[in-house]
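Subject: Structure handover

Hello,

Please keep it open while you read.

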Amino acid sequence: MTTGAIAVAADVAGIVRPASAVLDDVIVVEREARLDAPLAATEAKTRGATASEALTAAVRTMYKRVGLDPTKTRPSSEALLRRVKKGDPLPRINSLVDVINWTSLETQLPFGLYDCDRLDGDVTLRLGGPGEAYPGIRKDVVHLEGRLTLADGRGPFGNPTSDSARSMVTPATTRALVVVFVPAELPAAAGERAIATTVARVAEYCRRR
């Protein structure tokens, strides 16, 4: 995996416009104390604000257009929003995942994060085929037929709801691919802003100072 470019299959090009970047030379730690304050501030702001109905609707429509009920198979961004609105904190996994969840909560767009050393060849965003599945992170098998799916030379490894254990980011990760699943009806600038914010935060919290 050498580039952040994602090939998009023709049958999903009108549904989702992914934004992506490769994050080089990252340092991933289990707990980054410097994230405590900004995450807490974002959680408090989120609980006191009204969620963007337009963004929620756009992401749900992205799911509906591939035949998924987004109230049953929730986009990861909406799952984070619901968690925080209930009064729970953002999950703390490791410094890089925490930055991604922070930005996903703020932008209300689903993100994916993958260890580049665990990927093989070019990456394509397409619909999952019959019988395709992978072991999820801390979850049972994730079935992919008819779902938006990221795949490399070894097969599927990610989607906007739940990523694979195979490609997960750990403290051993030094290079990661971040993907924002942007509904095609939103302007390209939405994905560009999300990636720019992510890159800036990674530089602040996930690299040697």
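Arg-201 has a relative accessibility of 13% and therefore counts as buried; buried means under 20% relative accessible area, exposed over 50%, and partly exposed in between, with a 1.4 Å probe and protein chains only. Arg-201 is found in helix H5, residues 188–205. Helices (H or I, at least four residues) and strands (E, at least two) are DSSP runs, numbered from the N terminus. Not counting residues up to four places away in sequence, Arg-201 touches Val-99, Trp-102, Thr-103, Glu-106 and Cys-206, where contact means heavy atoms within 4.5 Å.

Before the rest, a note on the source. This is a predicted model, in which local features need pLDDT of at least 70 and side-chain atom pairs count only at pLDDT 80 or more, while totals for chains, interfaces and linings use all residues. Residues are numbered from 1 along each chain as its sequence is written, and side-chain values use heavy atoms, with hydrogens and water left out.

The sheet

Four strands form an open sheet with mixed pairing, in the order S1-S4-S7-S8. Strand S1 (7–8) and S8 stand at the edges with a single partner strand each, so one side of each has no neighbour in the sheet. Two strands pair if DSSP finds at least two bridges between them.

Strand S4 (residues 124–127) and S7 run antiparallel and are joined by four bridges. The bridge partner of Thr-124 in S7 is Ala-151. On S7's link to strand S8 (residues 155–158), there are three bridges, and this pair also runs antiparallel. Ala-151 has Pro-156 as its bridge partner in S8. A hairpin of two residues joins S7 to S8.

Why is strand S7 described as largely enclosed by the rest of the structure? Five of the five residues of S7 (residues 148–152) are buried, so the strand is largely enclosed. In a regular strand the side chains alternate between the two faces of the sheet. In S7, Leu-148, Leu-150 and Asp-152 point one way, Thr-149 and Ala-151 point the other way, and all are buried.

Helix H2

Helix H2 (residues 53–64) has 12 residues and reaches 16 Å from its first C-alpha to its last, close to the 16 Å expected at 1.5 Å a residue. The expected span is 1.5 Å times one less than the number of residues. Ala-58, Val-59, Met-62 and Tyr-63 of H2 are buried. Seen down the axis of H2, its buried residues fall within an arc of 145 degrees, so they line one face of the helix; the arc is that of the directions from the helix axis to the C-beta atoms. On the other side of H2, Glu-53, Ala-54 and Lys-64 are exposed. The buried residues of H2 pack against strand S2 (16–23), helix H3 (76–85), S7 and strand S9 (176–183).

Pro-160

Pro-160 lies in the loop between S8 and S9. Is Pro-160 buried or exposed? At 4% relative accessibility, Pro-160 counts as buried. Leaving aside neighbours within four places in sequence, Pro-160 is in contact with Tyr-63, Pro-75, Ser-76, Pro-110, Leu-148 and Phe-181. Pro-160 and Pro-75 are 85 residues apart in sequence but 5.8 Å apart in space, C-alpha to C-alpha.

On a 1 Å grid over the protein atoms alone, a cavity is a set of points where a 1.4 Å probe fits but cannot get out, and a pocket is an open set with protein on both sides within 12 Å along at least five of seven lines; lining residues have an atom within 4 Å of a point. Grid points are joined across faces, edges and corners, and a volume is the space filled by probe spheres set on the points.

The largest pocket has a volume of about 720 Å³. Its lining has 24 residues, of which Ser-76, Val-97, Asn-101, Arg-138 and Thr-161 lie nearest its centre. The largest cavity has a volume of about 60 Å³, and H3 gives the most to its lining, with three residues.

Regards
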